[in-house]
Amino acid sequence: MTFGEYIREHREALKSVDRRFSVRQVAQRIGVEPAYLSKIERGDVAPPSEAKIRALAEELGQDPDVLLAMAGKVSKDLQEIIRKRPQLFADLIRQLKSAPDHALLRIARDVRDGDW
Amino acid sequence: MIELMNNQLTFRFPEVHKKAACSIDFQRTLRIPDDNREYPLPPGLGRFPVEHVDDFANKLPDTWRTHGGVFIPMYQSEALWINFSGDYPCAIKIAAGKINAVSGEPWVNRLSDSPQDYAVIPEQPWLDGFNVSEDFIRQFVAMPLGEGFTAEEQITGKAEHGGLQIIAYPMKHDVYVEHFEPNVIIEKYIDMPMFCRETCNYEALDMGLAPGGLMRQEIYEDEYGMDAWDQDNGFRCFVHLANSEQYQMITGHRPPHKPATAKDYIEAGLPWFDYYDDSKALAGSDTLGKLTSVAAKVIEKGKGLLPDNEPVHPKTVKIISKGNVVRDGKF
């Protein structure tokens, strides 16, 4: 499924229960022209900027990292992390490409800091 | 990131320096008598078990989920000490109920040097309690939140946070290189003393820490100065204190047995400890110095006397220092 198809499918699903998810209203809330959003959904234009993808993710209740990946983008914060230790992270990602999810989660496990 | 392994929190700062890391664990110990006599350092009796809040999220209060972090089981009136380890210098702030255990001030993430509100490791091998006066602390003792015993309640009048709060900042990369790696191209082993106060290996849910008995312990002045610490790269952790009985219901794991009393320990002929270091100690906090200890509070509330609080007379006191650092309390 392309980025545009994914956006349309999720927006239409939300629209079926809430009319505020029309192309026009969603476009307005994320700050683009409705025609531009339609073109994105049809795949007539390339996916928008990271900021707009993040706004769409927020609007549609989607994970921004998933949408960015579908759009062929890497978020700025990840780019920054990789840029600091590029060789290490490139090796790490390549080595982990076939690891099962549970193994990846174990590596990523840290003590979560919350709000206090 | 903060990693939890073998009941120890390890704070790593690879973006600062590949050696930048420190570890913290929570040691079970004797509750020293709370009778205004001065006691030496009690032993470590093993690490408290530490669990991720997220692993038991559906059985824990909403506030715990919001705080994140970890939790440990404690019995009412049980004491703990905080064990620091690592070679790379780090500044560590510790609070109980969001009251800084060194300065007595309310929690802020940033470090302060007037008064100094943090300890520096590896110079500071451990922290046993609240910094009540120069060279003396009052032991950390777990009490249920809401009964007026905890430092937090005595200072703020509210039973809001409980638990322990920690933030660790590593030494800045350049400061570390200047002090410890001058003119070094190949990584060399930095032979700094490691401290280990080593041990045998291994009602209301929410508890807080209250001031217990008086113990001789210095909290050392930061010899590097505030600018040495990389405050852009700190990690923090909320350590909740779960009542031991409820801990079993939450996790299905049995909490450790109640620790021995100070009297039993002495009767078994086991050692206490004194730690010597010629570093300059911080003054005590006036705020913390005014706290009422648990035993005094029990009397004040008309609840008789704190159980197992008879004075004891440690016969064997082992002297430990930077070169001789095992505080072994097998029991």
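**Burial, strand pairing and backbone geometry**

Author: B:Ser77 counts as buried, because it has 22 C-beta neighbours inside 10 Å and the cut-off is 20 or more. The model is predicted. B:Ser77 is not a glycine, yet its phi is positive, about 70°. This residue sits in the loop between strand E6 (70-74) and strand E7 (79-85) of chain B.

B:Asn7 also has a positive phi, about 60°, and is not a glycine. Its loop runs between strand E1 (2-5) and strand E2 (8-12) of chain B. B:Asn7 is partly exposed, with 17 other C-beta atoms within 10 Å.

Now the strand. Strand E15 (residues 206-216) of chain B has ten of its eleven residues buried, so it is largely enclosed by the rest of the structure. Strand E4 (residues 38-39) of chain B pairs with E15(B) in the parallel sense, over two bridges. There, B:Tyr39 has B:Met215 as its bridge partner.

Strand E13 (residues 136-144) of chain B pairs with E15(B) in the antiparallel sense, over eight bridges. In this pairing B:Met207 of E15(B) stands opposite B:Pro144. Strand E16 (residues 235-243) of chain B is also antiparallel to E15(B), with two bridges. Here B:Met207 stands opposite B:Leu241.

Two cis peptide bonds deserve a check. One joins B:Ser114 and B:Pro115, with omega about 0°. B:Pro115 is in the loop between strand E9 (99-100) and strand E10 (119-121) of chain B. Another joins B:Ile121 and B:Pro122, with omega about 15°. B:Pro122 lies in the loop between E10 and strand E11 (126-127) of chain B.

Notes
Residues numbered from 1 in each chain as written. Chains lettered and ligands numbered in written order. Predicted model: local features only at pLDDT ≥ 70, side-chain atom pairs only at ≥ 80, totals over all residues. Buried ≥ 20, exposed ≤ 12 C-beta atoms within 10 Å, placed from the backbone. Helix = DSSP H or I, 4+ residues; strand = E, 2+ residues; numbered from the N terminus. Pairing = 2+ DSSP bridges.
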